[in-house]
Amino acid sequence: MVYSTSCLILPLALIFLYFILISSLALPTPATLNVLSYGAKPDGTKDSTKAFLAAWDVACASANPTTIIVPTGRFMVGNIVFQGNKCKQAPISIRIAGSIVAPGDFRVIASSEHWISFEDVTDVSIYGGILDAQGASLWKCKNNGGHNCPTGAKSLWFSGSNNININGLTSINSQKFHIVIDTSNNVNIDGVKISADADSPNTDGIHVDSSHSVHITNSRIATGDDCISIGPGSTSVFIQNIKCGPGHGISIGSLGRVEEEQGVDNVTVSDVDFTGTDNGVRIKTWGKNSKSFAKNIVFQHINMKMVKNPIIIDQHYCLDKPCPKQESGVKVSNVRYEDIRGTSNTEMAVLLDCSKEEPCTGIVMDNVNLVSVNRPAQASCDNANGSAKDVVPFTPCLRTEINTI
């Protein structure tokens, strides 16, 4: 029997249409992914690292917005990296109802610089939940002078990322820094709670480095180092409605550790309560040659309660032993202190220790009222140029006209 070509074309066409239909009916990525579905266990003992990564891979491959759910319970994960460079860049939300905890042996996550990392991600949001790095045993190792103690891991790290939201997250007992924003843009951190013991070493609450347009608002930070620190290359940082203490205050820097370093520009710190902190608002730069700078800084609407150094510029900061006996090359300019009041638990409430090589310029103090408990408060200014109006304690140390109440 002989079949015509036309007879063969029709079945082939039907087969082709069938496969198109099957493809069109393929199930899309679910809008919600529960880590339990990928093998995570909420008992705090089984390693759920692979389950979290599996859920991320599915969300990453989706062209539609996806939410990863971490339900109630305690989920133990080791060092984990969420990569975004192969994602389709659809928004990913991570909603945490329970706790994510580190392994009990501090050396497990301390083997890496970071515990939970997001690298090269876009449009990622984290809502709620608790991160518990269980860092107390490492703090004890360090505080006891142990020479074999690892440096420790930063709890949550974003690098090379854009459009990041962290809302309502609690971070406790970090081995090192709690939250780090590095080389990232358009970051909003709101309503976070950060807690570590007052003697926990290097447990900065939030550290911003080489990042642009970072907003940190409505948060409570109690830790063993800076509540918030702003490193080189950071611009347009806005900090508002923060409760800080215990800790080392809010710091610009340290800057100028290396000569070729970017500066910090356009930082506003507003509506902050400092309680029992080592410092209030601080700018710190290394006493060595540098091309770095700190400029266009505003500290306003701030309350101090028993703070050791309420207002401080330290341009002779050094942790090296011995410290190089040099003047800082970092240029500090256009710094405004406005509506700052409260108590200092040391006599020196205002200390502007600027560089002989690069004196501070454009320092403005307006409506600053700081008192020391049971003794007169003092102010000291070295190599600082600017003006003051309605300032207590009054001291004629700025190198331009000073007006008093």
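This is a predicted model: local features need pLDDT of at least 70, side-chain atom pairs count only at pLDDT 80 or more; totals for chains, interfaces and linings use all residues.

Student: What makes a space a cavity and not a pocket?

Tutor: On a 1 Å grid over the protein atoms alone, a cavity is a set of points where a 1.4 Å probe fits but cannot get out, while a pocket is an open set with protein on both sides within 12 Å along at least five of seven lines. Lining residues have an atom within 4 Å of a point. The whole structure has three cavities of 30 Å³ or more, and the largest cavity has a volume of about 160 Å³. Grid points are joined across faces, edges and corners, and a volume is the space filled by probe spheres set on the points.

Student: Which residues lie nearest the centre of the largest cavity?

Tutor: Phe 82, Ile 94, Ile 100, Ile 116 and Phe 118 do, out of 17 lining residues. Two or more lining residues come from each of helix 2 (49-61), strand 3 (66-70), strand 5 (80-83), strand 6 (92-96) and strand 8 (114-119). Helices (H or I, at least four residues) and strands (E, at least two) are DSSP runs, numbered from the N terminus.

Student: What is the volume of the largest pocket, and which classes line it?

Tutor: The volume is about 600 Å³. The lining of this pocket has six nonpolar, eight polar and ten charged residues. Strand 23 gives the largest share, four residues.

Student: Why is Asp 226 called buried?

Tutor: Asp 226 has 2% relative accessibility, and buried means under 20% relative accessible area, exposed over 50%, partly exposed in between (1.4 Å probe, protein chains only). Asp 226 therefore counts as buried. Asp 226 lies in the loop between strand 18 (212-222) and strand 19 (228-230).

Student: What makes the pair Asp 226 and Ser 251 a polar contact?

Tutor: Their side chains are joined at 3.2 Å. A polar contact is a pair of N or O atoms within 3.5 Å; within protein, one must be able to donate a hydrogen and the other to accept it, and residues adjacent in sequence count only if both atoms are side-chain atoms.

Student: Why is His 248 called partly exposed?

Tutor: His 248 has 23% relative accessibility, so it counts as partly exposed. His 248 lies in the loop between strand 20 (235-244) and strand 21, and its side chain reaches the backbone oxygen of Gly 224 at 3.3 Å.

Student: Which UniProt annotation covers His 248?

Tutor: An unreviewed UniProt entry annotates His 248 as "active site". UniProt positions are given in the numbering used here, feature names are shortened, and annotations may be inferred rather than shown by experiment.

Methods:
Residues are numbered from 1 along each chain as its sequence is written. Side-chain values use heavy atoms; hydrogens and water are left out. Ala, Val, Leu, Ile, Met, Phe, Trp, Tyr, Cys and Pro count as nonpolar, Asp, Glu, Lys and Arg as charged, and the others, Gly among them, as polar.
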